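Please read it alongside the structure.

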Amino acid sequence: MRLGWIFCAAAGALALFFFARDLRCGRHLRRLRRRLGEAAHELERLQASFARFAPRDIVEKVIADGLATGGEQKEVTVLFADLVGFTAMSEALDPDLLVQVLNGYFARMSKAISTNRGHVAKFIGDGILALFGAIEPNPWQADDAAHAALAMQRELRHYNTELAAQGVPSLRAGIGIHKGVAVAGVFGSGDLVEFTVVGGNVNLAARVERLTRAHAAEILVTAAVKAALDSRFVLRELAPVRASGVSDPVVTFALEGFEAEGGKAMGPIPR
Amino acid sequence: MAPLEAIEWEECFLEAVEDSSVKRLARERLGVAPSALAYLSPCPWLARSWIDLHPSQLGLVHLDPDLEDLVALAVSQDNSCRYCYAVSRTMLRILGLSDERIMRLNEDLPGSRSGGRSRAALVFAKRMSHADPLPSQMDVLPLREAGYGEEAVNELACLVAVCTYFNRVATFAALPTADLEALPEKTVVKICRPILAFFVRRRRRRPRGPRPGDTAHHPPRPPADVASAEAPFACAIAPLGDTPAAAALCRVVDAAWRSPLLPARAKALTFAIVGKALGCEQSQLEARRLLAGNGLGRTEVTEILAHLSSPLLDPVEASLVAFARETVWYQPAQIQRKARHLAAAMGQARFLEVAGLAALANAVCRLGAVLGSPR
């Protein structure tokens, strides 16, 4: 009889022990799963955020294989914008005001670019490198880049009115646009990486931007861009000019506007 | 929380309009009337397509129903469609998958499911859905190597095309997601889950597709004029042969074309623009053929496609052209804001037709590219 009680008590204690252990393990497992889920969620969120700045397949490749992923040749339209005479202005302005002025400029220009389906690849000092057709294929990339340049010009005019009210001198930007094949990929090392495009056509876009000073024009496009543009863009042909690093003289066209007539969309549909 | 719930999604801007006949039809055919029908009913063919193109109505006899769910999840994730993702997630939860398991599927959809066959199908589904670039012969080869026959490949391509269609309609219309996303967490659903799973599985064991003799609701074969080579985009659907899926797709395209809400020229333009954005030659050729029959010559079409504008376009067409190009790759909230403007400008019914046409164009172009490519 007593042996029976002892046996029952031992069995009960054993059952209690296993039950408590299972409970603890279950709790531990749930905690681990929750953490795994949170980590997965965070990764997904980061991936989604990064996918706004680089093509999704490249993001997936980078996550899977690291940075040792290959580049891709793409037809892109490259827009370079630079502030004319900003170096001299920056020496005269208070550093806090300088940062404020430059950030205001970048914010407005970035908006003009992104609403026209471009993406800002990087800011280089006071310069902007924007790409059209680099993230996803875009058969209308030249038109988009030209519309973006005109929108940037309009935004800058508004911004200059605001700056004038604060007693800050007006900003003037030169914009160069070129279209061609470039290598797109994630470049960099260690902690500093970026998605961008490289190649002769990217360099040519930068050279064309520099030519805005020689031609005293605000927006210049190359013959490759002109060939792809809507005929309603107003262009003025300029004399060929030698540009550094380019063997032949570069033929450029000043972009002066867009004749919006007919085919007007109903309602305020954003571009 | 499932990752897609973090994606920005606008408030639905459409008014819900109950249509009892569509609801009844949905209950008869699907067993349940989806909440989306109330928002889509101002455009009758669009509401009807929500039933006709439901995977259970396509007679996909060569695909495992569990794989269908995973494909729907993968495609809705690729298109960032919170509505369709919530539907797929709810179905998977009812069938017994935990949220952790679904989350792991999200992390690495192709790698996390058991067999190589499923993996190949999911990789293909994501590739076809994303369409950057359009899938080709090379993308079908792994499916063949994994043991999928011609019919199974066709069915899979059809399923992905239909999912991209649903994703786009749900996203452009910003269908409300809150109730669907909360559904799996409801106590009553948790308690009834095994019973619900039993009924879902039992329904799936029934012969799939339209019931024999159900000619009033869903004729098993498209009529001759719809299935003929002259019907809009019949060339993209023709490789599906004499299947319920082909019949359903032909019916939907035909109904969209016959709808009086927008002129045929505007519809063909939508297909042409989406075809151009995707780089689909076949769809562009077909759209050009249709546009030629509606008074737009080769030169005019080339000009419109090259620059998305022309003095020849009327205000509705100009709006539609601007919207259609955005429907291939997009951020949900951004395109929903544009859709809201469009709906305010042209009215709910016509907006729904534009959204449906753009979604249909995306589906048909992808399908044509996969089925039309030599295998």
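1. Axes are lines fitted to C-alpha atoms, for helices over the stretch in contact, and angles between N-to-C directions run from 0 to 180 degrees. Helices are DSSP runs (H or I, at least four residues), numbered from the N terminus. The model is predicted: local features need pLDDT of at least 70, side-chain atom pairs count only at pLDDT 80 or more, and totals for chains, interfaces and linings use all residues. Residues are numbered from 1 along each chain as its sequence is written, chains are lettered from A in the order in which they are written, and side-chain values use heavy atoms, without hydrogens and water.

2. In chain A, helix 4 (residues 95–114) packs with helix 5 (residues 141–165) at an angle of about 150 degrees, the axes lying 8 Å apart. Helix 4 of chain A is therefore roughly antiparallel to helix 5 of chain A (angles over 145 degrees count as such).

3. The contact (heavy atoms within 4.5 Å) involves residues including A:Gly104 and A:Arg108 of helix 4 of chain A, and A:Ala151 and A:Glu155 of helix 5 of chain A.

4. In chain B, helix 9 (residues 137–145) has the buried residues B:Asp139, B:Val140 and B:Leu143. Buried means under 20% relative accessible area and exposed over 50%, with a 1.4 Å probe and protein chains only. The buried residues of helix 9 of chain B pack against helix 8 (116–130), helix 10 (150–172) and helix 21 (348–372) of chain B.

5. Facing away from the buried side of helix 9 of chain B are the exposed residues B:Met138 and B:Glu145. Just after helix 9 of chain B, B:Gly147 has a positive phi of about 105 degrees.

Terms used: Helix = DSSP H or I, 4+ residues; strand = E, 2+ residues; numbered from the N terminus. Parallel < 35°, antiparallel > 145°, perpendicular 65-115°, else oblique.
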